[in-house]
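Student: I have a structure open and would like to go through it piece by piece. Can you help me read it?

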Amino acid sequence: MADVLDINDVGDIDVEDEGDQSVLRLKEKVVTRKGRGFGANEPRDQEKVRGYESIDRGDGDEPGPQKSVEGWILFITSVHEEANEDDLTEKFSEFGPIKNISINLDRRTGFLKGYALIEYNTYDEAAAAREALNGSALLGQTIGVDWCFVKGPKKSKRKSRRH
């Protein structure tokens, strides 16, 4: 990284001096700072961890549904365009308290785009809603309910051969 010169710390300098002596006096008065933190004497590893949240990766290596930062999110597809938040809340609140609902509207028409995201606090609530409501009807249209975040099976390290 390039050195940063702090001009405010220079103070009074005699401009009339000529030669190398004036340059040396200028260099003595200027404070050079490098990198982030300007002199933080802590190791890089502590700097990375300091002040940031981390996600508990408990079952994160297993294939299947994955927890988001705050809860378990279901992805609902084929939602009728005239459905609203109340319709979704009524249908999905049977399985537990809904933490968050996200529905996206088409700017041009003002109708629902056809999908929604519903978040539950626990895996059991979300799994029960997924099992019961996948393939059910909402305003006369069959909806699909699946996990929003899914980790696939582990990839094999075997190289594929092309013939």
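Tutor: Let us start with α4, where Glu125, Ala126, Ala127, Ala129 and Leu133 are buried. Keep in mind that this is a predicted model.

Student: What covers the buried residues of α4?

Tutor: The cover includes β4 (72-77), α3, β6 and β9.

Student: Glu125 is on that list. Where does Glu125 lie, and what does Glu125 touch?

Tutor: Glu125 lies in helix α4, which spans residues 123-133. Leaving aside residues up to four places away in sequence, Glu125 touches Phe95, Gly96, Pro97 and Tyr120.

Student: Which side chain of opposite charge is nearest to Glu125?

Tutor: That is Lys99, 9.4 Å away. Glu125 is buried yet has no salt bridge. The cut-off for a salt bridge is 4 Å, from a side-chain nitrogen of Lys or Arg to a carboxyl oxygen of Asp or Glu.

Student: Why does Glu131 count as exposed?

Tutor: Glu131 counts as exposed because its relative accessibility is 60%, and the cut-off for exposed is over 50%.

Student: And how do Arg130 and Asp146 count?

Tutor: Arg130 has 24% relative accessibility, so Arg130 counts as partly exposed. Asp146 counts as partly exposed too, at 38%.

Student: What happens just after α4?

Tutor: Gly135 takes a positive phi of about 90° there.

Student: Which residues other than glycine have a positive phi?

Tutor: Ser78 is one of them, with a positive phi of about 60°. Ser78 is found in the loop between β4 and α3, and its relative accessibility of 37% makes it count as partly exposed. Leu139 is another, with phi near 55°. The place of Leu139 is in the loop between β7 (137-138) and β8 (141-142). At 46% relative accessibility, Leu139 counts as partly exposed.

Student: Where is Glu94, and why does Glu94 count as exposed?

Tutor: Glu94 is in the loop between α3 (85-92) and β5 (98-105). It counts as exposed because its relative accessibility is 61%.

Student: What about Lys113? Is Lys113 buried or exposed?

Tutor: Lys113 is exposed, because its relative accessibility is 53%. Lys113 is found in strand β6, residues 112-120.

Student: Which residues does Lys113 touch?

Tutor: Lys113 touches Asn104, Leu105 and Asp106, again not counting residues up to four places away in sequence.

Student: How far apart are Lys113 and Thr77?

Tutor: In sequence, Lys113 and Thr77 are 36 residues apart. In space they are 9.6 Å apart, C-alpha to C-alpha.

Student: Let me zoom out. How many helices and strands does the protein have?

Tutor: The protein has four helices and ten strands. Along the sequence, they follow the pattern β-α-β-α-β-β-α-β-β-α-β-β-β-β.

Student: How much of the protein is buried?

Tutor: Buried residues make up 21% of the 163 residues.

Student: Last one. What share of the contacts comes from residues 24 or more positions apart?

Tutor: Among contacts with a separation of 6 or more, such residues account for 66%.

Note on methods:
Residues are numbered from 1 along each chain as its sequence is written. This is a predicted model: local features need pLDDT of at least 70, side-chain atom pairs count only at pLDDT 80 or more; totals for chains, interfaces and linings use all residues. Side-chain values use heavy atoms; hydrogens and water are left out. Helices (H or I, at least four residues) and strands (E, at least two) are DSSP runs, numbered from the N terminus. Buried means under 20% relative accessible area, exposed over 50%, partly exposed in between (1.4 Å probe, protein chains only). Contact means heavy atoms within 4.5 Å. Lys and Arg count as positive and Asp and Glu as negative; His and the chain ends are not counted.
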